[in-house]
Every structure is written in C-alpha cells, then in structure tokens.
Amino acid sequence: MSRTCQVTGATPGFGHHVSHSHRRTKRRFDVNVQKKRYWVPSLGRHVTLTLSARGIKTIDQRGIDAVVADIRSRGEKL
C-alpha cells in the first residue's frame, strides 16, 4: 500500500537521521494514513478510502459527498 492520502495527496517526505557525531543517513517521514469506510448517500454504497489525519478532518468539514465528487473528477476509482 502506498502511503498516499486520497484526499490531500500527501506523500512521504525524505530527510536524514543525524547522529550525535553528525553522521547522516537517509530516512523517510511517512504520512499518518488510515483506511476509513464511509457511507456515501449519492452512490448508495460504502466506500473505503486511504486517508491522512488531515484528510479525515477535511471530510468532517466539507462532507463525504463533496470530497468523493472531487476524487471522482480527478479520475480515481472508488
């Protein structure tokens, strides 16, 4: 599963672990993604989305119908 939010498009960031001696090694800052299941009245069925914490808050504010409409307009399959 790719660590990408379907609503916000958030993807992992990259950087370095920095030790006490200041040696640097590569690391990855993963997005806090969760699988959430929502009932979508306009589709008449449940939809499972991969969402970041910010994406969940966006759905709470705008509503699931508006967010699903945006996802479908981008051409993503639900």
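Predicted model: local features only at pLDDT ≥ 70, side-chain atom pairs only at ≥ 80, totals over all residues.
Biologist: At what angle do helix α1 and helix α2 pack?
Modeller: Two packed helices are described by the angle between their axes and the distance between the axes. Helices here are DSSP runs of H or I with at least four residues, strands are runs of E with at least two, and both are numbered from the N terminus. Axes are lines fitted to C-alpha atoms, for helices over the stretch in contact, and angles run from 0 to 180 degrees between N-to-C directions. Helix α1 covers residues 53-62, helix α2 covers residues 64-73, their axes are 6 Å apart, and the angle is about 120°.

Biologist: Which word describes α1 relative to α2?
Modeller: Angles under 35 degrees count as roughly parallel, over 145 as roughly antiparallel, and 65 to 115 as roughly perpendicular, with the rest oblique. The angle of about 120° therefore makes α1 oblique to α2.

Biologist: Which residues of α2 make the contact with α1?
Modeller: Contact means heavy atoms within 4.5 Å. From α1 come Thr58, Ile59 and Arg62. From α2 come Ile64, Ala66, Val67 and Asp70.

Biologist: How many residues of that contact are nonpolar?
Modeller: Ala, Val, Leu, Ile, Met, Phe, Trp, Tyr, Cys and Pro count as nonpolar, Asp, Glu, Lys and Arg as charged, and the others, Gly among them, as polar. The contact of α1 with α2 has two charged residues, one polar and, as nonpolar, four.

Biologist: Which residues of α1 are buried, and how wide is their arc?
Modeller: Buried means under 20% relative accessible area, exposed over 50%, and partly exposed in between, with a 1.4 Å probe and protein chains only. Gly55, Ile56, Thr58 and Ile59 are the buried ones. The arc is that of the directions from the helix axis to the C-beta atoms. These residues line one face of α1, because they fall within an arc of 155°.

Biologist: Which residues on the other side of α1 are exposed?
Modeller: The buried residues of α1 have a cover that includes β3, β4 and α2. On the other side, the exposed residues are Arg54, Asp60 and Gln61.

Biologist: Is Thr58 buried or exposed?
Modeller: Thr58 is found in helix α1. Beyond four places in sequence, Thr58 touches Val7, Thr8, Gly63 and Val67. Its relative accessible area is 16%, so Thr58 is buried.

Biologist: What arc do the buried residues of α2 cover?
Modeller: In α2, the buried residues are Ile64, Val67, Val68 and Ile71. They sit on the same side of α2, because their arc is only 100°.

Biologist: What is the relative accessibility of Val68?
Modeller: Val68 is found in helix α2. Leaving aside neighbours within four places in sequence, Val68 is in contact with Val40, Leu43 and Leu78. Val68 counts as buried, because its relative accessibility is 2%.

Biologist: Which residue has a positive phi although it is not a glycine?
Modeller: Gly63 follows α1 and has a positive phi near 100°. In the loop between β1 (13-18) and β2 (24-29), a positive phi of about 75° belongs to a residue that is not a glycine, His22.

Conventions:
Residues numbered from 1 in each chain as written. Heavy atoms only, no water.
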